[in-house]
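Student: Could you take me through one part of this model up close? I'd like to look at the nonpolar core and the helices that build it.

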Amino acid sequence: MKAIFFSALGLTALAALSGCGGSGGDDKVYSQIDRLARPAVNEVFAAASNGQHKANNEIGPAQDGDPGRIKDNIISFAKNSAGRSDAISNTLGAVLAPDVLKADLAQTDSAAYLGVETGGATGGKFGGRKPQDDVVDISLGALFGNTIPALGLTPDDGKEIPTLTSDNVDASAKHFKTTFPYLGDPS
């Protein structure tokens, strides 16, 4: 499977390279201060109080599975704070880390958030995301709802907290256009 992994780190590197001139050197030093491929993942799962949120922002996606990083943060939060089973907690860690958007370019169906990670269970195998994908609600539904069991990834543990499965922000199609810049007028 050919897949492309998108992250803010990669896009920042690409932008930095594309801005380099053909002659002369760029002696500026850039420091990564934030990384956000999957909205709400680091913000929900990593504790700001112990500096873990900041540490996760400053590393690259290749380190997301290292001990004490975002994958461990996801599993720990799901088990200890949300009370989810080991199966759901571990599946969340496997699905949401590394914190990158995956796209399988061998697929011809439309974009679907978590499509690659769930084998197409979220609507398509291409991956990536459409502008109208409510990725925060999808992530909250995976953590606090029955999304993981409903996709057939694990048995249901019966420990859902329905009031926490949405940020209650409407992702209505009225906010999107079919042409660039795709975002509609604010309402």
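Tutor: Seven helices and two strands make up the protein chain here, and keep in mind that this is a predicted model. Reading from the N terminus, the order of the elements is β-α-α-α-α-α-β-α-α. Of the 187 residues in the protein chain, 36% are buried. If you take contacts between residues at least 6 apart in sequence, 54% of them join residues at least 24 apart.

Now to the core itself. The largest nonpolar core holds 21 residues. Inside it, the residues with the most contacts are Val 41, Phe 45, Ile 70, Ile 74, Leu 92, Leu 96 and Leu 143. Four elements each supply two or more residues to this core: α2 (41-45), α4 (70-81), α5 (86-96) and α6 (135-144). The top contributor is α6, which gives five residues. As background, nonpolar side chains in soluble globular proteins tend to be buried together.

Let's zoom in on Phe 45, one of the residues with the most contacts inside the core. Skip its neighbours within four places in sequence, and Phe 45 still touches Ala 40, Ile 70, Asn 73, Ile 74, Phe 77, Leu 96 and Leu 143.

Next, the helix pair α4 and α5. Their axes lie 8 Å apart, and the packing angle is about 150°. An angle over 145 degrees counts as roughly antiparallel, so that is how α4 and α5 run relative to each other. Their crossing is right-handed. On the α4 side, the contact uses Lys 71, Ile 74, Ile 75, Ala 78 and Lys 79. The α5 side brings Asp 86, Ser 89, Asn 90, Leu 92, Gly 93, Ala 94 and Leu 96. Sorted by class, that contact of α4 with α5 comes to six nonpolar, three polar and three charged residues.

One last stop is Arg 35, in the loop between α1 (8-18) and α2. Is Arg 35 buried or exposed? Buried means under 20% relative accessible area, and Arg 35 comes in at 3%, so it counts as buried. Arg 35 and Asp 99 are 64 residues apart along the chain, yet 8.6 Å separates their C-alpha atoms.

Key
Residues numbered from 1 in each chain as written. Predicted model: local features only at pLDDT ≥ 70, side-chain atom pairs only at ≥ 80, totals over all residues. Heavy atoms only, no water. Core = buried A, V, L, I, M, F, W, Y, C linked by side-chain atoms within 4.5 Å. Buried < 20%, exposed > 50% of the residue type's maximum accessible area, 1.4 Å probe, protein only. Contact = heavy atoms within 4.5 Å. Axes fitted to C-alpha atoms, helices over the stretch in contact; angles between N-to-C directions. Parallel < 35°, antiparallel > 145°, perpendicular 65-115°, else oblique. Left-handed = near helix turned anticlockwise from the far one by under 90°. Nonpolar A, V, L, I, M, F, W, Y, C, P; charged D, E, K, R; others polar.
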